[in-house]
Amino acid sequence: MVMKRVVSFVFLLFAAVSTIASPRIIRVACVGDSVTFGMLIEDRENNCYPVRLQQMLGEGYDVRNFGHSGTTLLRHGHRPYIECEEYAQAMEFAADIVIIHLGLNDTDPRNWPNYADEFVDDYLALIDDFRSVNPKCEIYICRMTPIFHNHHRFETGTREWYREEQTKIEEVARRTGLHLIDLQEPLYHRPDLLPDSLHPDAEGAQILAQTVYSALTGNYGGLQMGELYSDNMVLQHGTPLRIAGTADAGEKVKVRFGKQRRKTVAQSDGEWEVILDPLAPSFEPARLTVSTRNRKLNFDNVLVGEVWLCSGQSNMEFQLCQTEESECAAQMEYAAGNPSVRLFDMKLRCHTNNSAWLQADLDSVNRLKYYLPARWNECTPEAAREFSAVGFAFGRMLADTLRVPVGLINNAVGGSPAEAWVSRRVLEKEFSDIMRNMDDNELIHDWCRSRRKVNTSASTNPQQRYTYDACYLHEAGILPLADFTIRGAIWYQGESNAHDIEGHERLFPLLVNSWRETFRNPDMPFLFVQLSSIERPTWPAFRDSQRRLAGEIEHCDMAVCSDVGEQWDVHPRRKKVVGERLARLALRDVYGFDIVASGPQCISAESDDGDVVLTFCCGDMLHSSDGEALRTFEVSAGGDEWFAAEAVVECNGTLRLRCAEVEQPRSVRYGWQPYTTANLVNGDELPASTFRIGVGVE
């Protein structure tokens with residue numbers, strides 16, 4: 001009897017040890033359509049996302065691929081998933097974890113218009129099916145991978161139906177309390193990884209596997225923060241301050257700055273944020289500490305003040321060392337004694353010169369690594385000399401006037417068109433035509449298209465991306481900044497869009513609004529520079545269009561620089577005055593200073609016995625900038641024939657125009673030459689913009 005008990009004990013002990021030594025394998029079912037199946041992936045059996053997921057999870061898991069191409073979640077769809085063999089196999093597998101990625105084929109016109117109202121109920125029924133074979137299974141549902149603008153049905157319904165469907169998937173997650181894995185966002189800014197605009201390639205499948213792996217394990221690589229968080233940074237004062245980053249799901253994150261302490265927990269997607277109370281400006285170097293149990297990040301020599309983004313194309317990129325010698329010397333002297341101005345200079349990996357890029361650079365561009373790694377620097381002459389000359393002059397004037405630290409971020413890219421800076425979501429909805437066929441799209445400046453062909457000529461990738469492509473610079477140069485609070489943006493761009501005034505009038509408001517959405521600030525100040533003077537025929541009308549846009553967009557204003565242009569050089573070397581005019585706008589519009597910040601602005605034109613009387617705001621002490629007669633005013637009786645008019649200051653804020661050739665003027669224009677010698681200024685020596693106005697028109 002005793003021997004029998006000993007044998008029984010030994011058997012039970014062996015069984016227990018065996019159980020410990022050989023834990024139960026966790027069964028994972030990847031349910032879906034062609035994306036899960038791995039359609040179009042080379043060597044699909046080894047490169048589809050479920051196989052890659054198996055490699056990441058390791059031996060304790062049994063991951064199976066139950067994807068079937070072309071299937072719908074909708075049970076009344078043209079090819080319901082529940083009727084395919086893989087569904088039956090998944091039921092038999094009775095997985096412990098089920099990952100569902102279905103819905104792409106439901107956007108087919110055979111499905112969504114007819115059965116959209118059944119989508120949520122059909123999704124809930126599928127969830128119940130998996131629970132019926134394993135009541136304890138964990139179920140993850142997925143936001144769908146992207147469908148890009150080149151898909152043949154994108155604009156004929158798929159775009160809208162896809163968005164509606166994503167909303168319904170989110171509704172399913174809310175109603176069931178299930179985990180929601182976002183498979184759209186990790187690929188949304190990488191169209192190069194979806195060759196047919198629908199199916200990810202092997203690299204895309206690897207990203208999907210990593211996303212699912214992180215969702216299952218909570219492993220997001222530990223505590224991490226964006227590149228803008230570094231020693232020497234300037235934090236924005238006077239507003240609730242968002243500090244954000246990523247960490248492993250469920251990790252406790254502590255943030256300390258000065259006397260403020262904040263705690264939070266990283267969400268299931270690894271993201272976390274805290275909000276600090278508004279900070280007072282401070283020249284006293286401080287430390288920002290962010291920590292979890294396993295990692296601590298200390299950022300030293302941190303100041304609190306004003307933070308502005310300097311962006312656009314080559315005239316914003318134009319470096320201080322490239323300006324006139326006297327201007328450069330004065331600014332460098334200032335830089336040597338003002339460490340409270342801080343610079344974050346995002347240098348380019350490869351410039352858009354007239355030469356082919358190396359394959360390594362082409363690969364980096366595809367991975368949105370167009371900018372080299374950057375850090376905040378104190379304002380030494382060495383750091384300042386290669387910084388944006390316009391941005392530096394702007395920051396200097398703010399620092400001297402406000403008496404607070406100033407942080408400047410520069411990410412300008414020479415030659416870049418406006419569409420490159422607009423977010424993908426906005427362009428997909430509002431201007432998708434400009435996203436198509438970048439090499440031959442006539443909406444895109446021919447110079448940009450020709451330079452694209454040269455720079456990418458060594459690429460063998462049909463999906464090769466390029467700096468000037470629509471939305472590229474928003475994804476490579478704006479989104480990485482989104483977690484950092486800034487006061488506003490200054491912008492000098494337009495040269496690469498001046499060929500298409502109507503197109504730019506669509507693009508510019510989209511750009512401004514997409515940035516405000518990205519930075520979570522619907523009222524973010526956006527100050528920009530009007531194009532200067534040069535012998536390019538479309539520029540007078542383009543400058544006038546910019547003037548009108550400045551008046552139409554809230555919290556947006558324009559600095560005039562036509563008086564510093566060069567007749568044959570698109571890069572005027574006098575940049576200090578341009579930066580200071582932008583700073584004047586900021587001081588008035590953003591900081592409330594009672595100053596004149598812009599030149600004379602014509603607000604009305606009235607007929608008076610054959611003459612025209614023009615009334616200006618910001619028009620005190622109207623005069624010519626050079627002591628000569630006012631020039632470049634023209635009048636028209638209608639149509640395209642214009643005649644020079646004599647302009648005389650009549651009283652404060654008004655001019656009288658006389659023209660013997662036109663008895664009844666109907667229109668007036670000013671500065672309407674590509675390279676203009678217009679010379680009207682106000683008492684602060686600020687120039688008037690190019691303008692056109694109807695006589696007697698409100």
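**Close-up views of a predicted model**

**View 1. Val-212 is a buried residue.** Its relative accessible area is 0%; buried means under 20%, exposed over 50% and partly exposed in between, with a 1.4 Å probe and protein chains only. This is a predicted model: local features need pLDDT of at least 70, side-chain atom pairs count only at pLDDT 80 or more, and totals for chains, interfaces and linings use all residues. Residues are numbered from 1 along each chain as its sequence is written, and side-chain values use heavy atoms, with hydrogens and water left out. Val-212 sits in helix H10, residues 202-217. Helices (H or I, at least four residues) and strands (E, at least two) are DSSP runs, numbered from the N terminus. Which residues does Val-212 contact, leaving aside its neighbours within four places in sequence? They are Tyr-49, Leu-53, Ile-99, Ile-181 and Leu-183; contact means heavy atoms within 4.5 Å. Tyr-49 is 163 residues from Val-212 along the chain, yet their C-alpha atoms are separated by 9.1 Å.

**View 2. An open sheet is built from 4 strands.** The order is S19-S20-S25-S24, and the pairing is antiparallel. Two strands pair if DSSP finds at least two bridges between them. Strand S19 (601-608) and strand S24 (646-651) form the edges, each pairing on one side only. Neighbouring strands are turned by 25° against each other on average, direction ignored. Axes are lines fitted to C-alpha atoms, for helices over the stretch in contact, and angles run from 0 to 180 degrees between N-to-C directions. S24 and strand S25 (residues 654-658) share 5 bridges in the antiparallel sense. Here Cys-651 stands opposite Thr-654 in S25.

**View 3. The largest cavity has a volume of about 70 Å³.** On a 1 Å grid over the protein atoms alone, a cavity is a set of points where a 1.4 Å probe fits but cannot get out; a pocket is an open set with protein on both sides within 12 Å along at least five of seven lines; lining residues have an atom within 4 Å of a point. Grid points are joined across faces, edges and corners, and a volume is the space filled by probe spheres set on the points. The whole structure holds 4 cavities of 30 Å³ or more. Lining residues of the largest cavity include Glu-317, Asp-345, Lys-347, His-351 and Asn-410. By class, its lining has 3 nonpolar, 3 polar and 4 charged residues. Ala, Val, Leu, Ile, Met, Phe, Trp, Tyr, Cys and Pro count as nonpolar, Asp, Glu, Lys and Arg as charged, and the others, Gly among them, as polar.

**View 4. The second largest cavity holds about 60 Å³ of space.** Met-558, Val-560, Arg-581, Gly-599 and Pro-687 are among its lining residues. The lining divides into 6 nonpolar, 2 polar and 1 charged residues.

**View 5. The second largest pocket holds about 450 Å³ of space.** Its lining has 25 residues. Asn-150, Met-438, Arg-452, Gln-463 and Gln-464 lie nearest the centre. The classes are 9 nonpolar, 9 polar and 7 charged.

**View 6. Arg-520 has a positive phi, near 55°, in a residue other than glycine.** Arg-520 lies in the loop between helix H19 (501-518) and strand S17 (526-529). Is this residue buried or exposed? Arg-520 is exposed, with a relative accessible area of 54%.

**View 7. Thr-632 also has a positive phi, near 75°.** Its loop runs between strand S21 (623-624) and strand S22 (633-636). Thr-632 is buried, with a relative accessible area of 13%.
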